[in-house]
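Subject: Handover of a structure and its findings

Dear colleague,

Please find below the structure that I am handing over to you.

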Amino acid sequence: MDERLQKALEFANYRQTLNAQLQKTKIKAEGSLLYSTNGGNFKITQELIAFIDYLNRLGLDGVSILDKDNIPVHIDNIAEFLKIITSRYFEVTNDYLAEYQEIKKKRNVSSILDVKVDK
Amino acid sequence: MTRGVLMYAHNNSEIDYLKIACANALMVKKNLDVGITLVTDSKTLQWGEDSLSAPFINSCFDNVIEVDKNKVFINNRIFSDTSYTNKILPFYNCNHWQAYALSPYDETLFIDCDYLIMSSALARCWDSGNDIMVNRTIYSPIDDAPPYSKLIDNSGIPLYWATVVYFKKSLIAENLFYVVRHVEENYEYYKNLYCFSSGMFRNDYAMSIAVHTLNGYNNTLPVIRELPISGLLMSWDKDDIQNVNSINDITIYAEKKDKTGEYILSRIKNTDIHIMNKWAISRVTGRLIELYGDDTCLEDI
């Protein structure tokens, strides 16, 4: 096989492996940002945190809000809810960042997967 | 409030589901730290006691429930070990509807024994306030696309995966499993009604029909919610396990789409995964038991 073509295919294989690893890390992080409580399923987003923070600043408690599927859910303690989702958000994004950077800096398939290749 | 994991294991002539369940039970202990109940039959248990030892099995599970097998039930399935080997073997899966009654827990995670627990993600189910949670979304180790869902037929209802079902002892959960039983007992009728082609009995289909029924035959305001995970990670039977690297860390050969025999390596860390290639998982159960088992339980083998 032509050497240039072989290098191009090796690069394509590297990109495919890199993308798949990054995608798995992203899906794992998205899953960790799901929070189920009181029969509701919430996706912890910057928007949710900002909205709950707003309700908390208004001094509201015992409110009904819509979850990710627009099902109404009663939240008794807004301050506690805010604390849980905020800390979860940063735990997950910090882990995600660390894993993302680790994978991103790898320059070949064997280092992405941390496997030894016999030459 | 008691919480635990429930698994089934019914061996056939080639696949030692009990050994897979033992390995996975140790993984559950490490990652979820809850009780584990095994549902099995006398022959499978006898084989396990002879090949692994009774004390070892008892150290893996908190409860072992023996059930009688329905000898009339015949369900043959093609089991693949990568794209190169296929075998038709019996697949005994007709008693999953009993899970509700058999579970000793208030909150149960009912999982297939080949859904390897390599993270604490499913702990997010506890105390969620939902009566039942079951997933539609799946993704593959080599996809660079978001998780996706399927229909049981091109124009059919959504396909729910019975691989992992969370349920709380409640009327709705009891009803769900009752409908699963009803679908199984009238499978030919439902197969024609919902137009799915598979001749083999699949719990995924029975569960999908039961969910559709209990959601009031629509999906607009579902009573039955999805698990708090992005989707189930599926390694298909065309894939193979390359290596078990360490705790919660495996590498798999995932076959490229439409390219038989061409693989991409994929490293799975701290993520639960459904391994459909039973031989691949059987080849590494010893290593998994060694990694996840403590010295006391390993002495019993």
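The notes that follow describe a pair of helices, then the cavities, then the pockets.

The model is predicted, so that local features need pLDDT of at least 70 and side-chain atom pairs count only at pLDDT 80 or more, while totals for chains, interfaces and linings use all residues. Residues are numbered from 1 along each chain as its sequence is written, chains are lettered from A and ligands numbered from 1 in the order in which they are written, and side-chain values use heavy atoms, with hydrogens and water left out.

Helix pair

In chain B, the axes of helix H5 (residues 171-185) and helix H7 (residues 203-214) come within 8 Å and cross at roughly 125°. Helices (H or I, at least four residues) and strands (E, at least two) are DSSP runs, numbered from the N terminus. Axes are lines fitted to C-alpha atoms, for helices over the stretch in contact, and angles run from 0 to 180 degrees between N-to-C directions. H5(B) and H7(B) are therefore oblique to each other; angles under 35 degrees count as roughly parallel, over 145 as roughly antiparallel, 65 to 115 as roughly perpendicular and the rest as oblique. Residues of H5(B), including Phe177(B) and Val180(B), meet residues of H7(B), including Asn203(B) and Met207(B), where contact means heavy atoms within 4.5 Å.

Cavities

The whole structure holds 2 cavities of 30 Å³ or more. On a 1 Å grid over the protein atoms alone, a cavity is a set of points where a 1.4 Å probe fits but cannot get out, and a pocket is an open set with protein on both sides within 12 Å along at least five of seven lines; lining residues have an atom within 4 Å of a point. Grid points are joined across faces, edges and corners, and a volume is the space filled by probe spheres set on the points.

The largest cavity has a volume of about 50 Å³. Its lining includes Phe177(B), Val180(B), Asn203(B) and Met207(B). The second largest cavity, of about 30 Å³, takes 4 lining residues, its largest share, from S4(B).

Pockets

The largest pocket has a volume of about 710 Å³. Among its 31 lining residues, Arg77(B), Phe91(B), Arg202(B), Asp204(B) and Met276(B) lie nearest its centre. Arg77(B) and Met276(B) are also among the residues that line the second largest cavity. The second largest pocket has a volume of about 560 Å³.

Yours sincerely
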